[in-house]
Amino acid sequence: MRPQIVLFGDSITEQSFRSGGWGSSLANTYSRKADVLVRGYGGYNTRWALFLLTHIFPLNSTKPPAATTIFFGANDAALLGRNSERQHVPVEEYKENLKKMVLHLKECSPAMLVVLITPPPVDEEGRKEYAKSLYGEKAMQFPERTNEMAGVYARQCVELAKDLGIHAIDLWSKMQGTDGWQKKFLSDGLHLTPEGNAVVHEEVVRVFSEAWLSAADMPYDFPHHSEIDGKNPEKAFLQKCL
């Protein structure tokens with residue numbers, strides 16, 4: 001059976017199989033080599049995601065994922081006193097919740113490749129424009145998220161990965177290294193454009209390849225058509241499947 005790669009996160013993960021999404025691109029990269037499963041939950045923070053762990057990653061599974069990405073923080077970093085404060089999780093709890101997730105996954109399978117992804121940067125003007133498009137003059141004057149606060153959560157995510165000896169993708173820093181990142185990578189000040197999705201895809205493939213899950217080095221699950229003899233097709237399947 002093919003190994004499984006699970007993408008666990010919030011709406012940025014849930015939307016990743018849309019056209020141009022990083023999840024669909026990852027499935028294409030690992031086509032016929034691994035199955036990419038999306039477990040993204042729009043609006044969720046790490047506090048709520050903890051309730052899902054035993055359902056998505058049962059400890060008694062006979063075939064746990066080979067790799068899992070954990071991509072939370074955009075909702076945890078919502079500001080108190082603003083429209084999305086219901087989603088706010090204090091940064092210390094956010095870090096502890098991520099740690100609980102990683103430890104649970106490692107209990108499922110010590111060999112599992114676990115990759116933490118930081119929240120992306122926030123374009124505050126883009127968020128205000130998006131709010132106005134939804135609520136008109138009723139939109140709050142101040143954005144419900146700030147780039148500064150997203151950075152606080154991103155740094156804790158990276159620090160935790162170092163503490164636990166696992167891989168992390170600092171998306172918050174990576175995207176801001178490009179001029180005009182606000183509109184180039186973010187569609188509404190928070191969620192990703194196709195170009196933003198491409199950055200996530202490239203970073204995940206890079207980290208997977210630097211670890212031990214390089215698509216180029218993985219075999220196809222069944223013979224490539226070029227290996228099949230039209231007059232004696234069973235030979236290729238006997239060699240590949242035994």
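Analyst: Accessible areas come from the Shrake-Rupley method with a 1.4 Å probe; for residues, only the protein chains shown count as cover. By that method, the protein exposes about 12,300 Å². Carbon and sulfur atoms supply 51% of this area.

This is a predicted model: local features need pLDDT of at least 70, side-chain atom pairs count only at pLDDT 80 or more, and totals for chains, interfaces and linings use all residues. Residues are numbered from 1 along each chain as its sequence is written, and side-chain values use heavy atoms, with hydrogens and water left out.

The protein has eleven helices and five strands. Helices (H or I, at least four residues) and strands (E, at least two) are DSSP runs, numbered from the N terminus. The C-alpha trace spans about 70 × 35 × 30 Å along its principal axes. Of the 242 residues, 47% count as buried. Buried means under 20% relative accessible area, exposed means over 50%, and partly exposed lies in between (1.4 Å probe, protein chains only).

Next, the charges. There are 27 positive and 30 negative side chains. Lys and Arg count as positive, Asp and Glu as negative; His and the chain ends are not counted. The centres of the two sets lie 3 Å apart. Each charge is placed at NZ of Lys, CZ of Arg, CG of Asp or CD of Glu.

Side chains of opposite charge can pair when their charged atoms come close. The structure holds 14 salt bridges. A salt bridge is a side-chain nitrogen of Lys or Arg within 4 Å of a carboxyl oxygen of Asp or Glu.

Take Arg 2 and Asp 35. Their salt bridge has its closest N and O atoms 2.9 Å apart. Arg 2 lies in the segment before β1 (4-9) and Asp 35 lies in strand β2, so the pair ties together parts that are 33 residues apart in sequence. Arg 2 is partly exposed, at 26% relative accessibility. Asp 35 is partly exposed too, at 30%.

Arg 145 and Glu 144 form another salt bridge, with 2.6 Å between the closest N and O atoms. Both residues are buried.

Now look at helix α10 (residues 194-210). Arg 206 and Glu 203 meet in a salt bridge, 2.7 Å from N to O. Both lie in α10, three residues apart, which is about one turn of the helix. Glu 203 is buried, with a relative accessible area of 9%. Arg 206 counts as partly exposed, because its relative accessibility is 34%. Elsewhere, salt bridges that share partners join Arg 2, Arg 32, Asp 35 and Asp 221 into one network.

Arg 32 sits in the loop between α2 and β2 (35-40). At 28% relative accessibility, Arg 32 is partly exposed. Most residues other than glycine have a negative phi. The phi of Arg 32 is near 70°, a positive value.

Phe 222, Ile 228 and Phe 237 form a nonpolar surface patch, with about 260 Å² of accessible area together. Patches are made of residues with over 30% relative accessible area and no salt bridge; like charges are joined within 9 Å, nonpolar side chains (Val, Leu, Ile, Met, Phe, Trp, Tyr) within 5 Å. Phe 237 is found in helix α11 (residues 234-241). Its relative accessibility is 35%, so Phe 237 counts as partly exposed.
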